[in-house]
Amino acid sequence: MKKLLTSVVLLGCLLVSVYAQGGKEVVQEKPTQVERKGAQASSKAPEANFTGDVLVTPFFSDNEDAPYYGSYVTFAPGARTNWHNHPAGQRLIVTEGVCWTQEEGGEKIIAYPGDAVWCPAGVKHWHGASPDTTMTHLAIGGRVPGKSVQWFEQVSDEQYLSGTVSQESAAVSALPARQQSIVAIASLAAFGDIERLKAALGEGLDAGLSVNEIKEVLIQLYAYAGFPRSLNAINAFNDVIKTREGSGITDTIGAEPTVLPRTADKYAAGRTNLERLSGVTNAPPAGYAVFVPTIEVFLKEHLFADIFARGVLTWQDRELTTISVLSAIPGVNAQLQSHMGLAMYNGLDEAQMRAFIAVLAEKAGQPTANNAKTVLERVLAARK
Ligand code: MN
């Protein structure tokens, strides 16, 4: 009790609860309590019920007024619970990494930061990290007097690694790793989240993107997110390359870009490229082009001629770059919708577009993915 009191800060405001006792009203005063971050000690999860390194940090102490518990649980790559069930079910809110969970006889479900998993009462299941990520989830469950979690056998390596993945969860793997990296790099660069961008740049090089392919993503970025984001991202990429060189890593430079001659009719080249990119010929001029013809010239000559003529990336990769950037920018759903259509016209199928959403959820966050998914559903409905 003394320990509890020392770890609890009593605030001046009072919580007043009123209840009846023997027909007479009794007012009991209880203070609001704050348990400061770090007040709860972490402990290693018992080896009897878990495989691999698992750390449990309760995020509040037991309270007789609240019949539930809550803990952060951090699983090292490959670590997982044994098979078990909960007397009142359990919610898992993923905060870091990639969570795998499965009920007995069911498909594997993959959940990402921000996703909330509900494990119903009495259903035998397991949860843990993917093989290559450290995963943390908040686990919240109800307490039932006289009942506790029922623990069963370990999840064997074979059970952990085999089995089918639910269709929705499988989405990520529909995109090749290098394209998943394009999504991560382009969206994080558009956000200006430099620390996470640096990690994504390293992962992209490891996944097989060449230095010049990544440079093209970061050049194209400026047409949609502006020079400041593009230049910051290019500086970050330079840092990443230097750090890797210092560690003895030699990255592939890749194909060199094509540069249009200065004498080229860039407006005509841009119009032709846009027609090939969209499959739409002789489109009537857009309202903005009639109102401000200069912007139409810049768009054709520069974006669709200078940039789209550079090669190095396929047009499919370039459209994937564009929709990744647009997803990270609020207020451009009209453009996002039209470029999702172009991405699909350039060969990305529905499964790959859903993979794009799943990668956004993992890298750019759930709100960004949710907005992009709403736009994607519109694009898919229009194509049917
Ligand atoms: Mn559970």
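Student: In which helix of this predicted model is the place of phenylalanine 298?
Tutor: The model is a predicted one. Two helices, H8 (287-291) and H9 (293-307), each supply at least two residues of a nonpolar patch, and Phe298 is one of the residues that form this patch. The place of phenylalanine 298 is in helix H9.

Student: Is phenylalanine 298 buried or exposed?
Tutor: Phe298 belongs to a surface patch formed together with Tyr288, Phe291, Val292 and Ile295, with about 570 Å² of accessible area together. Exposed residues have over 50% relative accessible area. Phenylalanine 298 has a relative accessible area of 53%, and therefore counts as exposed.

Student: Which protein atoms are the donors of the manganese ion?
Tutor: Along the chain, the donors follow the spacing H-x1-H-x3-Q-x34-H-x1-H. Histidine 84 in strand E8 and histidine 125 in strand E13 link distant parts of the chain, 41 residues apart. Histidine 84 is buried at 1% relative accessibility, and histidine 125 is buried at 3%. Lying 2.2 to 2.3 Å from the manganese ion, the donors are His84 (NE2), His86 (NE2), Gln90 (OE1), His125 (NE2) and His127 (NE2).

Methods
Residues numbered from 1 in each chain as written. Predicted model: local features only at pLDDT ≥ 70, side-chain atom pairs only at ≥ 80, totals over all residues. Heavy atoms only, no water. Patch = residues over 30% accessible without salt bridge, like charges linked within 9 Å, V, L, I, M, F, W, Y side chains within 5 Å. Areas by Shrake-Rupley, 256 points an atom, 1.4 Å probe, with all protein chains shown as cover. Salt bridge = Lys/Arg side-chain N within 4 Å of Asp/Glu carboxyl O. Helix = DSSP H or I, 4+ residues; strand = E, 2+ residues; numbered from the N terminus. Buried < 20%, exposed > 50% of the residue type's maximum accessible area, 1.4 Å probe, protein only. Donors = N, O, S within 2.8 Å, 3.2 Å for Na, K, Ca; no water.
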